[in-house]
Amino acid sequence: VANFLLQCKLREYEVFIVSHKTKFGHFDLEKIPLREEALKWMEYKEFFNPRYFGIEKKNIYFANTRKEKVEKISELDCISFIDDLPDVFKEPHFPKKTDRILFNKLPSLNFKNKINIIGNWNDISNHIFGEVLLDDIVCWVQSFMNLKDVKPAKISGRGNSQIYKFSTSENIEYAVKFYPDSTLDNLNRLMIEYSAIDLLKWRHWQ
């Protein structure tokens with residue numbers, strides 16, 4: 001989802017978060033303020049940091065009911081809306097011109113109205129933005145590695161990954177691999193990469 005939000009920022013898409021989270025849990029005797037905790041979590045994850053996701057805090061809305069939530073979506077005139085709760089899209093007054101994206105891995109769900117059932121953020125990004133661009137790769141690398149002046153170049157890869165070379169003004173080169181969504185399989189790609197590099201390092205010293 002971090003990659004998706006950065007793509008929105010790169011393309012200057014305004015992001016809204018609309019939730020019908022209750023103020024307190026229904027069975028919570030301690031009365032923990034759920035909305036305040038949600039905002040704290042987003043603050044911690046840098047949702048509002050202008051150098052990262054850059055979402056405006058005023059663009060976060062909490063509604064008391066699904067009906068109120070859908071009314072807010074209509075009021076905001078959203079191009080697309082992503083939700084993991086099918087009942088939101090079943091509301092009779094859900095705006096017809098808003099693209100409905102259900103975050104779900106069960107394509108067998110039945111709906112009377114047109115709805116896109118997508119089970120991972122990579123495919124959601126492709127649905128909304130099209131294929132990943134080189135500018136997206138640069139944006140991600142600069143956000144996660146804090147690199148400023150870089151020259152990117154795509155290198156021929158193999159299998160299901162895309163490989164890029166990033167050269168900095170300090171003549172430092174980085175290899176960047178772009179993999180499919182990590183939720184699509186159980187491969188621990190980071191561990192595989194680390195093991196391969198560790199093996200090469202070990203052989204180098206033999």
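Modeller: Start with a term: two strands pair if DSSP finds at least two bridges between them. One more point before we look: this is a predicted model.

The part I pick is strand 7, residues 162–168. Is it enclosed or open? Buried here means under 20% relative accessible area. Five of the seven residues of strand 7 are buried, so the rest of the structure largely encloses this strand.

Now its partners. Strand 6 covers residues 150–155 and pairs with strand 7 in the antiparallel sense, over six bridges. One place to look is Ile 155, which stands opposite Ile 163 in strand 7. Strand 8, residues 173–178, is also joined to strand 7 by six bridges, and these two run antiparallel. Here Tyr 164 has Val 176 in strand 8 as its bridge partner. In a regular strand, side chains alternate between the two faces of the sheet.

Follow the chain onward from strand 7. Strand 7 and strand 8 form a hairpin, with four residues between them. Asn 171 sits in that turn and has a positive phi of about 60°.

Three strands make an open sheet in the order 3-4-5, with parallel pairing. Strand 3 and strand 5 (116–118) are the edge strands, each pairing on one side only. From one strand to the next, the twist averages 25°. Strand 4, residues 99–103, runs parallel to strand 5 and is joined to it by three bridges. Ile 101 stands opposite Asn 116 in strand 5. Helix 5 packs on this sheet and touches strand 3, strand 4 and strand 5. The direction of helix 5 makes about 170° with that of strand 4.

Last, the empty space. Rolling a probe the size of a water molecule over the atoms shows where such space is left. The largest pocket has a volume of about 1,100 Å³. It is lined by 34 residues, and the closest to its centre are Phe 16, Ile 17, Val 18, Ile 82 and Trp 121. Which element gives the largest share of the lining? Strand 3 does, with four residues. Among the elements that each supply at least two lining residues are helix 1 (2–10), strand 1 (17–19) and helix 5 (121–129). By type, the lining divides into 25 nonpolar, three polar and six charged residues.

Notes:
Residues are numbered from 1 along each chain as its sequence is written. This is a predicted model: local features need pLDDT of at least 70, side-chain atom pairs count only at pLDDT 80 or more; totals for chains, interfaces and linings use all residues. Side-chain values use heavy atoms; hydrogens and water are left out. On a 1 Å grid over the protein atoms alone, a cavity is a set of points where a 1.4 Å probe fits but cannot get out, and a pocket is an open set with protein on both sides within 12 Å along at least five of seven lines; lining residues have an atom within 4 Å of a point. Grid points are joined across faces, edges and corners, and a volume is the space filled by probe spheres set on the points. Ala, Val, Leu, Ile, Met, Phe, Trp, Tyr, Cys and Pro count as nonpolar, Asp, Glu, Lys and Arg as charged, and the others, Gly among them, as polar. Buried means under 20% relative accessible area, exposed over 50%, partly exposed in between (1.4 Å probe, protein chains only). Axes are lines fitted to C-alpha atoms, for helices over the stretch in contact, and angles run from 0 to 180 degrees between N-to-C directions. Contact means heavy atoms within 4.5 Å.
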